[in-house]
Each structure stands twice: as C-alpha cells, then as structure tokens.
Amino acid sequence: MKIMLLTAATGGGHIRTANAIEQYIRDNTPYDVTIVDTLKAVGRLLDKTVCDSYLFMAKKAPALFGHLYKRTNKNSRFSDLVPKLSGLFSRLLYPAIEAYGPDAIITTHPFATEMAAALKADGLVKAPLICIITDYGAHRAYIAKEVDAYVVAGSHMLPELAAFGVPEEKVYPFGIPVHGVFFDKSDQAMLLRQLNLSPETPTLLFMAGSFGVNNIIRLYRELVATSVPMQIIVITGRNKKLYEAFEKEVAQESQVPTRLLYFTDEVEKYMHAADLLVTKPGGLTVSEALACNLPMAVFDAIPGQEEDNANFLLTHDMCVRVQKDGDFAGEISALLQEKQRLSAMRENCREFDKSQSIPNLLALIERLAGQETGQ
C-alpha cells in the first residue's frame, strides 16, 4: 500500500504531525509512504506568500489573524472564497498525486484538505481521504464532503464537527499524532542529574522561540527575582536573537540554575525532565506536552486556534493561563509551590491518553484503503 501525506509549513505543527505518522509507518509496516508539502508542490510563489503572511500576522498582527480566523469560520461568501481558490490550485497539485498513485491520502493542513477534496470532487482522485485536524477546536476550512474520515484531538470536538454537517461516523477522536518518544516515560530524576540540575527542585521549561525577545527576557527576569526555589530550562529554537539575549541574561544571573539550548531534536527529554512548561499553545506543542503528562502555563495565545487549544486545556485543568498584563512571576512561582495542584494537573494530562493515536490511524487507513481498492 502507498500512503501520501499532504501538509504545509504554516507553523511547524502540521509538518511535525506528518513526520510522526511517516516515521511510525516506516518503522512498523511494509507500506510505502511519502510526504508532500502542498504549497511547495503548487508553486514557490504561493508557498512564500501564504507562509510569510501567516508568520507576519501571527507575530505582528495577531488581532487581524484572529479576525480572519473567525470570519472564515462562518458560513459566508468570504469563507467560501478560500476553498474556491484551493480548488483552482488543486490542478497544480494533481501531478504529484498522479505520479505517486496513493492508495490513501492523509492531510494535516486545511489547504491540503481543500485541494485533495477538490480533486476527489472532480473525479481525478479515487483514494480515501483522511483529514487530521491538528488543533483542539474545529475550523470550517478543514470541512469537505469528500473527506472520508476526520481524526481529531478528542471527543469534545464531535459537537463542533456536527455543527458543520460532518456525520458522527466520519469522526475518530484518536488524538493528534505525535512521535512515540513523547510517550516513552523517562526517569525524571535521572534526566535532571544528566543536566546537572537537582531532582529535588521544581523545574520550569520555557519553549520560547515564538515569543518576542524583550517580552520573554522580561518574564525571565521577573521570575528569577522571586525567592521561590526553582531551576529553569530555556529552549529558544532557531531564534538566534533570543538565544544571544538569553546568553547575556543567564551569564549575569547566578541565583537560579538555568540551562539554555538553541535548538534540540530531543524536546521530549526536556519535557520529561520538567514539572511545568511555559509555552504558546500551538496544537502540536500541546499534544507533545500532554503525551509527556506535562502541565502547562500557556501564554500569548494567538486569537483563533491557539485560543481553542488554551480553552481546552483550561476546561480540563491541564494548564494555567497567564495574561500579558497579569502577574506572571507571581502566578508561576505560586504554582510551582503548589505540589498538590501540579500533581493533579499532571494526572489530568495522564488521563488524556492518546498513545494509540497512530496505531488506530493506521488501522483506519487499512480499512478505508481496503474498501476503496478492493484488497
């Protein structure tokens, strides 16, 4: 069987989901699998325009992004425009699909879903189409009658999808797929000793690459100025400016042990070592943290899907939400001292067990592809 994953690089989560599925299929099955970046396959200009526009709005104009998100999530002429455009671009994607000849198509991005659905509607694609929604709230952009199955974060999304007209039998609350390493529970004390940190001291993990430099440095200063015992791990991702700013800050700070990382492909190790994660609530980061049973303090959520993600976590008591104008240092330091509260939040994360997401997805692919191809 040949499985094609269609994704796009507007934010890292869609790609990470596709990569996690690809790795599992390669490691556990004889099937052939490939990943196609939909926007790149259509054309460099479209890819750059869409990705650059997303990054600009997410970082510089989040209110505008939130407004567009809400507008396109309503049934209107405006919300119908994007699927129509995707339908036009789908013909440029078709050669990549035709050349590979997939027995099943999985999408992890709304644009990819719209394009694949348009090709199915035109009769050019016959393979079953499985859409993975990579956030904890549904958006109209993912919805198309040609989709054969939706894989979603949890059963809480069933009413939302029903409101969009999706039949319940098409919805599978398997959870958002993440790499298996996040479910492999490591010895926290051992990990902390390897990092030259104390197993007895509360450990805070900052995943800070998406934050503004001045903003996150200010929060760090406020936090280390408290008298609460703690140790901090900071991952700046590929944000070189932020890393250099933290280097100077950490060099001047001796009160709180701090481990600074520029980029790592072992994020799971630091999540398993931590007691609390401070992060923006992107869908994949949230899913990876939940797989590690790691409570969160979510900050600076982009209006739209990150708001949905934050609200889901709050509803299930798996996070606290820190506002820009709130007492960040006070709220975080207080939570680190509330061991019982942190333990309860960690247990809530543990109960939201989606460790079988990809195996369940694979079984669904096999069933749908078997029905479609007559195998």
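Trainee: Which strands does helix 14 lie across, and at what angle to strand 12?

Mentor: Helix 14 lies across strand 7, strand 10, strand 11 and strand 12, and runs at about 165° to strand 12. This is a predicted model, in which local features need pLDDT of at least 70, side-chain atom pairs count only at pLDDT 80 or more, and totals for chains, interfaces and linings use all residues. Residues are numbered from 1 along each chain as its sequence is written, and side-chain values use heavy atoms, with hydrogens and water left out.

Trainee: What makes a stretch a helix or a strand?

Mentor: Both are DSSP runs, numbered from the N terminus: a helix is H or I with at least four residues, a strand is E with at least two.

Trainee: Why are helix 14 and helix 15 called roughly perpendicular?

Mentor: Their axes come within 5 Å and cross at roughly 85°. Axes are lines fitted to C-alpha atoms, for helices over the stretch in contact, and angles run from 0 to 180 degrees between N-to-C directions. Under 35 degrees is roughly parallel, over 145 roughly antiparallel, 65 to 115 roughly perpendicular, and the rest oblique. Helix 14 and helix 15 are therefore roughly perpendicular.

Trainee: Which residues of helix 14 and helix 15 meet?

Mentor: L335, L336 and Q337 of helix 14 meet K339, R341, L342 and M345 of helix 15. They divide into 4 nonpolar, 1 polar and 2 charged. Contact means heavy atoms within 4.5 Å. Ala, Val, Leu, Ile, Met, Phe, Trp, Tyr, Cys and Pro count as nonpolar, Asp, Glu, Lys and Arg as charged, and the others, Gly among them, as polar.

Trainee: What is the strand order of the open sheet of 6 strands?

Mentor: The order is 9-8-7-10-11-12, with parallel pairing. Strand 9 (258–261) and strand 12 (319–322) are the edge strands, each pairing on one side only.

Trainee: How do you know that strand 7 and strand 10 pair?

Mentor: Two strands pair if DSSP finds at least two bridges between them. Strand 7 (residues 203–207) and strand 10 (residues 276–279) are joined by 3 bridges, so they pair by that rule. F206 has V278 in strand 10 as its bridge partner.

Trainee: What makes both faces of strand 3 covered?

Mentor: A104 and I106 on one side and I105 and T107 on the other are all buried. Buried means under 20% relative accessible area, exposed over 50%, partly exposed in between (1.4 Å probe, protein chains only). In a regular strand the side chains alternate between the two faces of the sheet.

Trainee: How many bridges join strand 3 to strand 4?

Mentor: There are 3, and the two strands run parallel. I106 stands opposite I130 in strand 4. Strand 1 (residues 2–7) is joined to strand 3 by 4 bridges, also in parallel, with A104 as the partner of I3.

Trainee: How many disulfides does a search of the whole structure find?

Mentor: The search finds 0. A disulfide is a pair of cysteine sulfur atoms within 2.5 Å. For C292, the closest cysteine sulfur is in C349, 10.0 Å away, which is too far for a bond.

Trainee: Why does C292 count as buried?

Mentor: Its relative accessibility is 3%, so C292 counts as buried. C131, at a relative accessible area of 0%, is buried as well.
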